[in-house]
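Colleague: Could you take me through this structure? I would like to begin with one of the helices.

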Amino acid sequence: MAVFTRQDQVNEIIKCGKDPTYFINKYVKIQHPTRGSVPFATYKFQDGCVEAFLEHRLNIVLKSRQLGLSTVCAAYAVWMAIFQKDKNILVIATKLKTAMNFIKKVTVALNSLPKWLLLPKFEPSKQQVTFSNGSQIQAIPTASDAGRSEALSLLIIDEAAFIRDFDEIWTGLSPTFSTGGRAIILSTPNGVGGQYYKLWI
């Protein structure tokens with residue numbers, strides 16, 4: 001591993017803060033099912049998604065399984081929480097296990113970073129990571145009142161087409177990021193009809 005001088009570290013912090021794709025590819029690690037902890041070398045379509053997340057407030061992604069888009073979202077959430085203060089990031093998943101798995105991806109990424117790059121301190125739990133700069137990443141399972149009382153910087157909804165009563169949940173969630181927050185809605189297809197389908201069309 002390269003040895004950075006203090007000035008090199010400052011330059012890297014500035015570069016990472018400006019470019020999440022650079023940060024993810026250079027410093028983030030992910031948990032591979034057979035190889036353990038490995039560097040996150042993104043594909044071009046994943047980089048394209050990150051660029052869209054930066055450029056647009058509202059993003060909807062129709063995906064296939066095992067494309068690593070939930071993992072990209074976890075890495076993007078880590079970048080936002082570290083390099084921007086007071087960011088409230090909420091992830092809504094189809095079930096508790098999926099929500100906890102998202103936080104696990106966040107924790108793996110955070111633990112892989114060099115200490116000089118991880119400027120704020122963080123405290124992880126099974127469903128939430130809080131940072132000393134005022135940011136937090138929280139993942140919760142689907143519920144009719146999910147996230148309604150939150151003022152969100154970023155809302156991530158995973159497998160939205162499979163969330164029961166998503167139309168009601170979406171109606172309740174929309175005001176939470178209406179003051180400038182962002183949303184990323186991900187899902188594999190689940191036929192014609194439903195709120196996710198309407199949003200995608």
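Modeller: The buried residues of α6 are Phe166, Ile169, Trp170, Gly172 and Leu173. Buried means under 20% relative accessible area, exposed over 50%, and partly exposed in between, with a 1.4 Å probe and protein chains only. Helices (H or I, at least four residues) and strands (E, at least two) are DSSP runs, numbered from the N terminus.

Colleague: Why are they on the same side of α6?

Modeller: They cover an arc of only 165° around the axis, which puts them on the same side of α6. The arc is that of the directions from the helix axis to the C-beta atoms.

Colleague: What do the buried residues of α6 pack against?

Modeller: Their partners are β4 (88-93), β8, β9 (182-187) and α7. Contact means heavy atoms within 4.5 Å.

Colleague: Before we go on, what kind of model is this?

Modeller: This is a predicted model, in which local features need pLDDT of at least 70 and side-chain atom pairs count only at pLDDT 80 or more, while totals for chains, interfaces and linings use all residues. Residues are numbered from 1 along each chain as its sequence is written, and side-chain values use heavy atoms, with hydrogens and water left out.

Colleague: New topic: how many salt bridges does the structure hold?

Modeller: It holds one salt bridge, defined as a side-chain nitrogen of Lys or Arg within 4 Å of a carboxyl oxygen of Asp or Glu. The side chains of glutamate 159 and lysine 63 form it (3.5 Å, N to O).

Colleague: Are glutamate 159 and lysine 63 buried or exposed?

Modeller: Both glutamate 159 and lysine 63 are buried.
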